[in-house]
Amino acid sequence: MMPPRLRVGDKVRFVSPASTPDRERVLLAAAMLENWGLKVDLGENAFRKFAYLAGTDEERLADFNAALRDPDIRAIIATRGGKGSYRIADRLDFEAARHDPKFVVGFSDISILHFSLWKHCQLIGIHGALYGCDGGRIAEETSSSLQRLLMRSENVVISSREEEATSALTTTGTASGRLIGGNLDMIATAAGWALPDLNGAILLMEAVEMYLGQVDRHLTMLRKGGHLAGVVGIAVGQFTNFKPSSGITIIDLLRDHLGDLNVPILGGLPLGHGYSPLSVPIGSMAFLDTAARKLIIEQ
């Protein structure tokens, strides 16, 4: 289900399904959305703090489901990722999402909400955010990428960046399929209960600040557990803040695992936690072209 595009005057809501956000960053993002002509409000528990979570499971779930059920809310925007979305991903109001589809925007820990919404009701979501780098500054290409997805019906073209370390993973070939995926930690966490069937899919993966051993374990489990069977292509985003271990780099490790899948791989995509990340729809049909070094998503 493709949610309707937003129009000037539509209302969006910030909710916190994972960790507690920085208030000033949320208000900065809200002001940007208001400059696009949208109205912004906040979930009741958007800034609540409960250990490393933005409130209890019940509080965070209540905010998210209230936004799904509210006909005045035309998009739901996660204030941040962090930790905790996986605790509530199976308890979303899927019937409300089917009855009144609306975009859910977020990435990182929020990826598991995209998986669960796609698995249960084929709702297309947006992997992305008004994510700031360089001390919180939101790059113009980051904001315009999200605005286009929310407010315009046009195909999305994501070009590989040579300066991204994962560009070295690019192989040869083309692939067509639904773009499913996001944060690697959440792909592994969702396996067996919230992860959709990846048969015929182009798998997107990105990650940040994990030990190489964690990545190794995740990819080993996903491959040996059969969760990657039927994947037709791999779109590799930003793998950020990875230090080599015993001479092995994150690129060496990814090549070792992903090469065994024998499918086209396009790396260097500006999707994730790196510099000036872009937004991309999850669940839409996509075409991966390694020669052109582009990922094209139909809208």
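This is a predicted model: local features need pLDDT of at least 70, side-chain atom pairs count only at pLDDT 80 or more; totals for chains, interfaces and linings use all residues.
Start at strand β1, residues 11-15. Buried here means under 20% relative accessible area. Four of the five residues of β1 fall in that class, so the strand is largely enclosed by the rest of the structure.

Which strands pair with β1? One is strand β2, residues 39-42. The two run in the parallel sense, and four bridges join them. Look for F14 in this pairing: L42 of β2 stands opposite F14. The other partner to look at is strand β3, residues 73-78. Here too the pairing with β1 is parallel, now over five bridges. In this case R13 faces a residue of β3, with I76 standing opposite. In a regular strand, side chains alternate between the two faces of the sheet.

Now follow the chain from β1 to β2. Helix α1, residues 23-35, belongs to this stretch. Together, β1, α1 and β2 form a β-α-β unit, and the unit is right-handed.

Next come the nonpolar cores. The largest has 57 residues. Which of them have the most contacts inside this core? They are V215, F239 and I250. Helix α4, residues 111-121, gives the largest share of the core, with six residues.

Technical notes:
Residues are numbered from 1 along each chain as its sequence is written. Side-chain values use heavy atoms; hydrogens and water are left out. A nonpolar core is a set of buried Ala, Val, Leu, Ile, Met, Phe, Trp, Tyr and Cys residues joined through side-chain atoms within 4.5 Å. Buried means under 20% relative accessible area, exposed over 50%, partly exposed in between (1.4 Å probe, protein chains only). Two strands pair if DSSP finds at least two bridges between them. A crossover is right-handed if, with the strands pointing away from the viewer, the path from the first strand over the helix to the second runs clockwise.
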